[in-house]
Amino acid sequence: MGDWDTLAYHFAIPELYLKHGGIYRIDFSSHSNFPFLMEMLYLPGLAMNDPVASKLMNYWVGVLLVLSVIVLTRKHFNAKAAPMAAIAFAGMPIVMWLATTAYVDLATALYTVVAVHLLLINLDKPEHKSLIGCAVAAGFAASTKMTGLGIIPLLLTWLLIDQWVSERSIAWKRGLMFVGVALLVCSPWY
């Protein structure tokens, strides 16, 4: 437990929520104003006074992230490259280290990869289901940390450029639906 962020707020703020019996405003910590979707998954381990169990939640998010890289690569790029993409990603020192912490960056990356995957599906075959799934994943990314908000305008730009070329008449409607769902999903944290 030597990393500062885990102790200072990824565990400390949810621990205060547990002691208080719910989420409340904490004036003495600016970090308590950050979005806390991932930290809420740490609560069961913290409630059992088992920080290792909480850290394991982040580890499993890392496993899901590597699997999502496989799915993204296999579906949209080259099926034979999928295992190598997963190894290259999982083998990055920062990814390996983050998997041993209670940080939120792997969750932000997971939701971003899932959002990109669903957007690519939607661009191949436009359906509300995949676009809404993309927006939900982007909203979850924004619910893990403030810099996760950046994925929403990036994906919106990508969607609008693609839609503007092929279907100008509905591009703005699809873009509005995407932004509305993404912001609705992350709104409780902001």
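**Aromatic pairs and nonpolar cores**

Across the whole structure, which is a predicted model, a search finds seven aromatic pairs. One of these is formed by Y17 and Y24, whose rings lie 6.2 Å apart from centre to centre with 70 degrees between their planes, an edge-to-face arrangement. Y17 is buried, with a relative accessibility of 6%, whereas Y24, at a relative accessible area of 27%, is partly exposed. The rings of Y59 and W60 also form a pair, and because their planes stand at 80 degrees, with the centres 5.2 Å apart, this pair is edge-to-face; Y59 itself is partly exposed, at 38% relative accessibility.

In soluble globular proteins, nonpolar side chains tend to be buried together. In the present model, the largest nonpolar core comprises 45 residues, and L106, C134, A138, I152, L155 and F178 are those with the most contacts inside it. At least two residues of this core are supplied by each of the helices α3 (37-47), α4 (51-76), α5 (82-90), α6 (93-98), α7 (105-124), α8 (128-142), α9 (151-166) and α10 (168-186), and α7 provides the largest share, with 11 residues. When residues up to four places away in sequence are not counted, A138 is in contact with A115, I151, I152, L155, F178 and A182.

Notes
Residues are numbered from 1 along each chain as its sequence is written. Side-chain values use heavy atoms; hydrogens and water are left out. Rings of Phe, Tyr and Trp (its six-membered ring) pair if their centres lie within 6.5 Å; planes under 30 degrees apart count as stacked, over 60 as edge-to-face and the rest as tilted. Buried means under 20% relative accessible area, exposed over 50%, partly exposed in between (1.4 Å probe, protein chains only). A nonpolar core is a set of buried Ala, Val, Leu, Ile, Met, Phe, Trp, Tyr and Cys residues joined through side-chain atoms within 4.5 Å. Helices (H or I, at least four residues) and strands (E, at least two) are DSSP runs, numbered from the N terminus. Contact means heavy atoms within 4.5 Å.
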